[in-house]
Amino acid sequence: MCIHQLNLLAASNNLPISNFLGKQHPIEAHHLSSICDIMEKAMVNGDTCIIRCILVVFQVVFKFFFSPQTERNRDIVRRSGLLLWQLLMAPRDQICSEIQKEVCLAISSGLNILYPGEAEINNLLKLVLTEGENRNSGLSQLRDVILTNLAEQLQNNRFGSEDDDHYRLNDELLHYILKIVVRESCVLITKCQTVSKDDFQRLLSTVPAASSCLRYLMAVQNHLLSNTVLIKPDDNDDSDSSLQGETLKVQELKTSILSLATQILTGCDEVLEMLQQVTTALINSDISDREQRLKGLEQITKATMLGHLLPVLLTSLMHPNLQTLTMADALMPQLVQLVLYTSQTALLLKTQSPVFSELNSSPSCAPEQKGKQLPDERMLEEKEEPGFLTGLKIPAPWAAGKTVETVHPVRDNYKFKETVHIPGARCLYLRFDNRCSSQYDYDKLVIYAGPSTNSRKVAEYGGNTLGYGSRSVLGTGWPKDLVKVEGDTVTFSFEMRSGREHNTPDKAMWGFACTVRAQESSEDVSGGLPFLVDLALGLSVLACSMLRILYNGPEITKDEETCQELLRSKLLQRCQWQVEANGVISPALTPSPSPLPLTIEEDREFTYPSDVLVPPVGHYFDLPRIRLPPGIMIKLREISGRARPQFRPSIK
């Protein structure tokens, strides 16, 4: 099949043959008609070899050599499309799987030629998505090939480009794809309970393999999220779009992400509900390999949309560009439901682990101590319910340590400076590599306990004991033991001041390498957390972040920031405000019906009674008077020339 090899080579854009094929003139209509004649004759005779060859020819022709611009060309295209569709829909006993695969590749290669309009492509995709698994296996195979090609194209495409709408399907088709992914995930989880022991072992060896529908959803999600995360607001842009906060492109991205995230979270809700049912059924069953199935259930879950889509979505939604009030208001109900499902399922699996059983049985060793308690003490004793985190140690991000090092070997005039900050650490522990060295002792490393070189100096190291350069070290030499630095921040500053001598080897100018940890000994974080526990924690963190956004409400606008002093004014607090029909707030022209105090204390806020906006009877009313400080009153009297009224006692 040398023509098949030619097609594979042409698919690579980096090879010269692809450029050569791309420059060829389009094939004439009568040549394509002759190809169709050969195909029809081969189909009548049942010659599978010629059929496969012509199918590969179709793939090359559709990709490089044909442009259906004239009416005759369109007729030939319709004829070739009917032939391909006839082969695709043929019964399984009349066509082999290899020919069916080549038919799908031919249709996918000529998708824009066989179906030139957007409506025609959408109708084809709707057909293969809705009827792919019911009517014919060829439709499902065609669906997989088309979605795989679209996913690959979408990963290399930029958001907002001309081809973006072509590779990114509409919401209706995405909904169909999501339904297939949810069904595939639920079927995969259900197999953990229904298949035999041998089939379950074979199932474990095939995961995590993503289906074509799942791969396309992953491509769409990564396409949208990566473009959103990489957008950086321009602080120097004073245009109208910048004053409104977001450009049209960002708004379109966020709208698309919100729609996709809503559908994905809804689908994950269904999958988690099925996972909880299967977990409960396995726990209550009496099959011989129950423990193995429960352990393998987590691995199977990673192969579903819970493992391929949800973790990436949760991480991206924590980005500042997506931490918006609109996003929090729309996703919060689904996040709460997912937190409940994941934590409950994680707890169910946790109860079956040996660690959890030991923790539950450990309090039984002290019955005598409990018996000595008074009755009141036993009544007041709180019994904490075990959760899905019981017995698990959450690894800190810095548990494995952070390595700080220079280039090896260091060069002339080399300078190095780096600051390590571990939030919440009381002190930091530094462990140096035993190869640390510099040519002279004044080619040194200085360590500071703080964020800059102006902080407190902790120690300095330099030189070597290898017999080169200074043939000595600074102070006691490079440390062999841990170096303790108080605080959560340490700064390293290294400078190579000397020039390298001709006889100095690399090992005498190795530089330094140091590992910074918040604990004296490193933690073993290789295992990590169980998948469902990690998922529940991630959902909880995102839900708390969204709750904080909902609690804070809309962000303060620039107009509100500018008018803060006016809003704090006690003089304006005397005014009565009413909302007019057009939504504008203006001072009320009617007096207050409620009795108001004659004075307002300057150091306290004044609030009107709740019925202040009820229209009162009358035209005049007494406004409350603000009591000014004595100093201001004295100056006002001096300026006005009016003396303070004297109090005269009444004469009886």
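**View 1. Arg 435 and Asp 433 form a salt bridge, with 3.0 Å between the closest N and O atoms.** A salt bridge is a side-chain nitrogen of Lys or Arg within 4 Å of a carboxyl oxygen of Asp or Glu. The model is predicted, so local features need pLDDT of at least 70 and side-chain atom pairs count only at pLDDT 80 or more, while totals for chains, interfaces and linings use all residues. Side-chain values use heavy atoms, without hydrogens and water, and residues are numbered from 1 along each chain as its sequence is written. Arg 435 is partly exposed at 47% relative accessibility, and Asp 433 is partly exposed at 22% (buried means under 20% relative accessible area, exposed over 50%, partly exposed in between; 1.4 Å probe, protein chains only).

**View 2. Lys 126 and Glu 172 meet in a salt bridge at 3.4 Å, N to O.** The pair links distant parts of the chain, 46 residues apart: Lys 126 lies in helix H8 (residues 118-131) and Glu 172 in helix H11 (residues 171-194). Helices (H or I, at least four residues) and strands (E, at least two) are DSSP runs, numbered from the N terminus.

**View 3. Strand S4 (residues 444-449) has 5 of its 6 residues buried.** S4 runs antiparallel to strand S5 (residues 456-462), to which 6 bridges join S4; two strands pair if DSSP finds at least two bridges between them. Ala 449 has Arg 456 in S5 as its bridge partner, and a hairpin connects S4 to S5 through 6 residues. Strand S7 (residues 489-495) is also antiparallel to S4, joined by 4 bridges, and Phe 494 in S7 is the bridge partner of Leu 445.
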